[in-house]
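Dear colleague,

I am handing over the structure below, together with some notes on what I found in it.

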Amino acid sequence: MERLDTISSLQYFVPEIVLVFTLMAVLVCDLVSKNRAPRERRLLIVIPSLIGLVVALSYSLQGSEAVSAGLFHNMVAFDGFGQMLRVIFIVTSIFVLLFTLHSNELRLVHHGELLVLLLTVTVALIWMANSINLLMIYLALETVSVASYVMVGYLKTDRLSNEASLKYILFGAVSTGTMLFGLSLLYGLTGSLDLFEIRSALSSQEVVASSGPALMVILVLVLAGIGFKMATVPFHFWCPDVYTGAPTPVTAFLSVGPKVAGFAVLIRFFYGGLASPSEDGASWAMVGSVDWQTMLMGISVITMTLGNVGALLQTNMKRLLAYSSIAHAGYIMMGAVVLSGEGIQAMLAYMIIYLFMNLGAFLVVIVVHNDVGSFDIKDYAGIWRRAPLLTIGMGILLFSLMGIPPFAGFLAKWYIFSVVIDAGLGWFAVIGGLNSAIGAFYYLKILKTMFIDGSDTPEPSTPLALQPLYAGLLLVLIVPNIIGLLLWGYLDRVTEFSQKLLDAM
Amino acid sequence: MISLEHYLIVAAALFSLGLYGVLTRKNAINVLMSIELIFNSANINLIAFSRFVSGDTEGQVFALFVIVIAACEAAVALAIIMSLYRILKDVSLDEASVLKG
Amino acid sequence: METLGPQIIFWAFAALMLGSAFIVVHGKNLVRSAFSLLATFFSAAVFYVMLGADFLAGVQLLVYVGGILTLLVFGVMLTNRIYNLNLETQTFQVLPGALVSLAVFVILTTVVVRTPWSQSALIEDGPTTPIIGRALMTEYVLPFEIASVLLLVALLGAAMLVRRRTDL
């Protein structure tokens with residue numbers, strides 16, 4: 001990987017620069033429009049944010065020349081993998097920005113800071129996912145964290161939101177502090193902060209012979225921080241509480257953005273620092289003396305099982321989706337275990353499809369809350385008679401989350417399971433399959449409530465209020481789940497491209 | 001002569017004390033103080049390694065950023081505690097339990 | 001005799017650091033905990049000086065003692081209207097917590113002592129400020145800029161959270 005200095009790095013850094021300038025511009029727009037009418041003022045901050053995100057997105061989409069470089073003296077990587085993730089984060093951010101516009105929870109609060117925070121997290125997620133230096137990993141991870149702590153507590157007169165925020169920051173600070181201690185030991189063991197130098201230090205024979213226990217301790221400590229972002233066991237405790245307390249658009253964002261970035265850090269850290277690629281770049285071999293593959297496998301199995309079992313008991317929609325997102329983290333991790341380019345490809349495909357199905361499900365939660373004013377699953381009874389199309393849409397999203405063919409969620413699961421089976425880990429795929437079966441129970445429970453419950457009450461039902469903006473967004477989020485099969489070839493090409501460029505690591 | 005291991009053991013002890021505080025204290029501000037102990041222990045590690053192992057200032061630069069991050073985190077955490085205090089009028093982790101883990 | 005001086009300083013401040021840290025995590029009084037934290041931060045700064053990190057020692061004193069600690073003391077005072085009342089904190093799960101952290105300490109110490117750290121020749125002591133300043137403007141310019149974004153967002157977030165009105 002070519003190491004670039006500051007000036008020559010800038011040309012690969014346009015989307016990030018655009019986002020940083022956008023967030024500052026939005027901050028200024030918010031201040032100068034202070035005396036205008038609230039509606040006008042909101043337009044003045046939403047429109048610049050959207051323009052900034054779209055410009056950044058268009059730059060990220062066209063920057064597809066096949067290069068890979070270490071920008072800013074090997075602080076962040078620029079490669080296909082990173083370009084893909086950049087697009088994922090910006091798209092998520094655009095959706096969430098639109099989610100906030102008509103959400104009842106956010107009706108009474110001013111949106112200025114929320115948008116600035118959202119833009120900050122977006123750009124920090126890009127930095128986090130592309131970091132190839134221990135200092136950068138930690139700094140970007142903390143920037144994401146600090147901004148999301150505030151986003152969770154954005155409803156400052158609401159007790160739940162505040163409590164969620166406090167839990168999040170205390171738990172987060174402990175996890176990242178633990179990670180930091182691990183990183184400091186890793187620096188001591190290898191004498192470097194650069195992941196590639198760490199890899200070559202760990203490959204030397206004398207270090208391998210003597211560093212076993214130290215490396216083990218380091219990995220456990222570092223996984224505390226990454227696991228906190230991915231919400232994998234045993235660092236998932238915060239997840240149900242924080243997801244419940246945060247405003248729902250923020251919850252939707254947290255369930256996709258930081259999770260995907262967490263997995264990106266996992267790949268960069270383990271594949272970049274603790275594994276060396278084979279000649280043809282299609283697979284990796286572990287370096288150092290710790291079998292972290294087994295470690296990740298164990299985490300994956302426990303995470304998906306606890307997530308699915310936990311979800312069975314939930315009566316609150318947001319808590320249920322929180323546990324479901326924990327379970328999905330377990331599935332995604334299966335792709336990281338196999339140490340092959342195909343595994344990374346399967347992970348990327350899964351995360352892209354997860355973005356659409358999960359954001360869609362949360363949007364339905366927002367829509368129902370706007371009308372019913374509740375997150376309890378029992379209040380979803382009889383939605384079918386009030387909004388048949390919405391219910392069918394939710395059905396498609398839930399079937400996709402379940403992994404039922406022909407929806408996109410099935411393709412994602414099938415891809416990741418087949419990669420695992422190809423790697424000779426059949427039993428691992430079986431556990432994944434069993435977990436999907438458990439998962440079907442609670443997703444079907446929601447559907448049953450929506451379709452069947454409350455249908456025996458004779459009272460005439462009024463149609464559910466659905467804002468045109470949300471209807472359009474739902475359509476955009478649901479359609480990829482249906483035509484996933486048609487897009488598959490394209491998705492395969494895209495992920496293959498990004499995986500190929502990762503090989504340079 | 002004071003060796004690298006001396007510093008590392010003190011840092012490990014400080015880390016464990018911080019962990020102990022995090023696990024046992026109920027008051028949010030007290031948990032925050034324990035977290036600061038953890039950050040400090042990592043910084044001692046970084047600076048000690050910077051001197052004894054890598055022989056350059058890389059670790060010191062990292063430690064500098066850690067101090068910046070710790071300050072940001074403390075400021076935001078205290079703001080959240082203030083905001084919650086206005087609602088609860090008593091900051092205690094036990095109180096913050098409408099949400100059940 | 002020459003090496004005795006640093007040794008005495010090291011052990012004295014190590015004892016001060018760990019002793020005050022113990023009061024921080026185990027004291028019953030929040031104000032006392034906050035002031036013990038001062039001693040911990042100060043001892044850490046002394047360590048930094050002994051390790052040849054003069055600039056970091058200064059930053060430690062300025063930011064930790066001057067900033068974070070002041071903030072914490074304000075937090076303690078503001079969240080207790082009548083501040084000698086209701087400042088008592090209760091501790092639960094002391095035994096499991098103590099056992100876990102003791103186990104962590106034993107594991108960490110064993111690892112730290114057993115691992116042969118590849119120690120290079122010691123660098124000469126000298127002022128580190130110009131070296132760090134140059135590093136921040138060259139190799140670490142991106143983290144430096146990101147830190148400014150982080151500071152901006154922390155400032156914004158903290159101000160937003162403590163402001164009373166929600167509609168602005």
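The side chain of A:Ser93 makes a polar contact with the side chain of A:Thr122, at 2.8 Å; please bear in mind, here and throughout, that this is a predicted model. A:Ser93 lies in helix 5 of chain A, which covers residues 80-99. Is A:Ser93 buried or exposed? With a relative accessible area of 0%, A:Ser93 counts as buried, because buried means under 20% relative accessible area.

The next topic is the interface of chain C and chain A. The size of an interface is often given as the accessible area lost when the parts come together. For chain C and chain A the buried area is about 3,100 Å², and 81% of it is on carbon and sulfur atoms. To this contact chain C gives 30 residues, while chain A gives 41 residues.

How many salt bridges are counted between chain C and chain A? The count is two, and in one salt bridge the side chain of A:Glu113 meets that of C:Arg163, with 3.3 Å from N to O. Across the same interface, three residue pairs are found in polar contact, with both residues of each pair at pLDDT 80 or more. On the side of chain C that touches chain A, the elements that give two or more residues are helix 4 (94-114) and helix 6 (141-162) of chain C. Helix 6 of chain C provides the largest share of that side, namely 14 residues. Sorted by class, the side of chain C that touches chain A holds 20 nonpolar residues, together with five polar and five charged ones.

Finally, a few words on chain B. Its secondary structure consists of three helices and zero strands, and the elements run α-α-α from the N terminus on. Of the 101 residues in chain B, 78% are buried, and the accessible surface of chain B comes to about 2,100 Å², with 58% of that belonging to carbon and sulfur atoms. Among the contacts in chain B with a separation of 6 or more, 56% are accounted for by residues 24 or more positions apart.

With best wishes

Note on methods. Residues numbered from 1 in each chain as written. Chains lettered and ligands numbered in written order. Predicted model: local features only at pLDDT ≥ 70, side-chain atom pairs only at ≥ 80, totals over all residues. Heavy atoms only, no water. Helix = DSSP H or I, 4+ residues; strand = E, 2+ residues; numbered from the N terminus. Buried < 20%, exposed > 50% of the residue type's maximum accessible area, 1.4 Å probe, protein only. Contact = heavy atoms within 4.5 Å. Areas by Shrake-Rupley, 256 points an atom, 1.4 Å probe, with all protein chains shown as cover. Polar contact = N/O pair within 3.5 Å; in protein donor to acceptor, adjacent residues only side chain to side chain. Buried area = accessible area lost by both parts, 1.4 Å probe. Salt bridge = Lys/Arg side-chain N within 4 Å of Asp/Glu carboxyl O. Nonpolar A, V, L, I, M, F, W, Y, C, P; charged D, E, K, R; others polar.
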